[in-house]
Structure formats: structure tokens, C-alpha cells
Amino acid sequence: MNFSIIKKPDYSIIAPLSMAFSITAIFITIYILILILSRKRLYTVSRLLTCNTCLSSILYCITQCVNYTYLLILTWITDDQLCRWRAYFSYMSLVAVIYSYVMQIISRFFFINLYSKYRWLVSFKAHVILISFGWIVILMLASPSILTKDVYFRPGELCWVPSDKILHSYYIIVAYYILPILLIISLSIAIIIQIYSYRKSTTIQPNKKRKDRDSQIFRNIMISFSVYFLGGVPYMIYSFTNSAFFYSLGVVSVTFFVNIEILVTAYLDREIRNIVKNHFRQTNTRVFPMTVNAEVFVR
């Protein structure tokens, strides 16, 4: 997928709309993070990875807001090096969201496929190491945009890698999209095969319950990733058609589907869903002061 811009879209409409979706996503994500961090019973490995995805989404949305601010308001800033840094954070935040799902799938692979042999892999410490290593990979993958001079300031355009930088463009396609998607697909197939085999052979009830819970978490991860993946479909169509319409649609759709993905993630988590429901029920419940009839005092 190539994010370079050939035709200039009308950013005066799509950029503010995308910023509005980004700001909404930031507030929703912060709310979910506060819910998780404020309740110790929600401190689980799976929600640790959910928090990582939430932080990645916040970083991506903030980066988009910054980019559009430079594009529409701070137009007098034309420094190439600053443009490269904006490109770096743009690509890095995008990669962070995609690879956060890779880390979630790797975690489910640990739980479902490797738990019986390597139980230390499902520990909290092992997942902290997984997330730390994942972020090192993310920071390194986006480094060509700052280490090379392929990105430079272009009036009226975002700081992306131009289409004439063919090698860098192919690197983006492979490292940012093809590789993580292949990892997700291959690990998902291995997990599905393992789940199917357990359903045929497992007879011990506690193990069966654990496997059912793991398979449900895996299903939720795939649903959330699929929702986020839908946001990039217009960009994919644009990369093959070079249509300004699909590029403009992609600018808005990614941030819009970040909102949907966060809401879907919260809804699929039963405990978080119940906490949110109870919170709004308490908020909507009105307490009326008890009134005393004056006739009582007359009597």
C-alpha cells in the first residue's frame, strides 16, 4: 500500500473531519484506559495488550492532528528535517497500531499453543518483554523516513514518502503491511488448528473452560483487528486506482474506524462492558429529594 500523494485532495474538508474523529477517539480511548487502570480486577495479560493498542491508537490520533495542524495552519513552516520527523511519527504510530495486534496474536499463540510446554510465556513479565521488544521493532521499522532524505517538504501536501521513491515505497508496503498481516494470518491459522484439536480431544472440564476462554479472546482480537483493517480499505483501493476520491475517503475512514475499533473492543470485553453500563446507569439515575407535605405540620 502506497501512501504517497500524487493528486492533491481538498484538505479543507477532510482534514478537519479526520481531526474530529481523532479527538473523539482520544477521549474514548483515555476513558477505557482509566477504567482498566482504576480497577485491579482488570489487571490481566490480555488487557495489558489492550492498553498497549489503546496507547498506540492515541499516539496515531495525536500525530494526525499535529500533521493537519501543520498542513492547514502552520503553513509557513517549511523545514525539510521537521517534515521528516512528522513523517517518522506518522509511520511509527501507524505501525504501532498494526503491530499491537501482532503482539496480541502472539500472546494468544503463547496461551493456546505453547502454554502446556512453556508456561512462563504467559506470565505478566513475559508480556512486558514482548511489548518492549515490539516497540523496539516499531521504532526501527519507521527509521528510514528520518534516516534518509526521501521525505521533504511539499506545499499543500502531507509529509509522506513521495511516489517517485520507489524503493522506500516498496519497503513501506512490505514492512508496514504485508509482513504484519502475514504474521497475523499464519499465527491465526496455527491457533485455529490448535483450538479445533482441543475441542476434539479435551475431556477435562477445567482445561476445556480455559481453552474456551482463550478462543473467545482470540475471536475478539480478530474482530477488533478486522474493524481496524476496514479503515485502510480505501487506501488500498487508492494504491491501485490512484483515485483522489478513495484517498480522501481513506484520510477520514482510518480515524473513523479507530473510534469503531475502540468501541468494539470495549463491547467485546464483558467486564468492561458491564462497568460502562453500570456507570451510565448510575449517571442517568436521578435522586429526587424527599418532600414533606405541609398539611402534616398543620395537623
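This is a predicted model: local features need pLDDT of at least 70, side-chain atom pairs count only at pLDDT 80 or more; totals for chains, interfaces and linings use all residues.

Modeller: A residue counts as buried when its relative accessible area is under 20%, as exposed when it is over 50%, and as partly exposed in between.

Leaving aside residues up to four places away in sequence, valine 254 touches Tyr60, Gly231, Gly232 and Tyr235. Two of these names, Tyr60 and Tyr235, are tyrosines. Phenylalanine 229 lies 25 residues from valine 254 in sequence, and the C-alpha atoms of the two are 8.6 Å apart in space.

From there we may turn to the rings themselves. A pair of aromatic rings is described by the distance of the centres and the angle of the planes. The structure contains eight aromatic pairs. One of them joins tyrosine 88 and phenylalanine 89, with 5.5 Å from centre to centre and 80° between the planes, an edge-to-face arrangement. Tyrosine 88 has a relative accessible area of 9% and is therefore buried, whereas phenylalanine 89, at 37%, is partly exposed.

Another pair is made by tyrosine 171 and tyrosine 176. Their ring centres are 5.9 Å apart and their planes meet at 70°; because planes over 60 degrees apart count as edge-to-face, this pair is edge-to-face. Tyrosine 171 is partly exposed at 27% relative accessibility, while tyrosine 176 is buried at 0%. Both tyrosines belong to one aromatic cluster, together with Tyr91 and Trp160.

Arginine 86 places its charged end over the ring of tyrosine 70, at 4.2 Å from the ring centre. Likewise, the charged end of arginine 108 sits over the ring of phenylalanine 111, 4.2 Å from its centre.

Finally, the setting of these details is the whole protein. The protein has 11 helices and zero strands. Of its 299 residues, 46% count as buried. Among contacts between residues at least 6 apart in sequence, 80% join residues at least 24 apart. The protein exposes about 16300 Å², of which carbon and sulfur atoms supply 69%.

Methods. Residues are numbered from 1 along each chain as its sequence is written. Side-chain values use heavy atoms; hydrogens and water are left out. Contact means heavy atoms within 4.5 Å. Rings of Phe, Tyr and Trp (its six-membered ring) pair if their centres lie within 6.5 Å; planes under 30 degrees apart count as stacked, over 60 as edge-to-face and the rest as tilted. Buried means under 20% relative accessible area, exposed over 50%, partly exposed in between (1.4 Å probe, protein chains only). A charge sits over a ring if NZ of Lys or CZ of Arg is within 6 Å of the ring centre and within 35 degrees of the ring normal. Helices (H or I, at least four residues) and strands (E, at least two) are DSSP runs, numbered from the N terminus. Accessible areas come from the Shrake-Rupley method with a 1.4 Å probe; for residues, only the protein chains shown count as cover.
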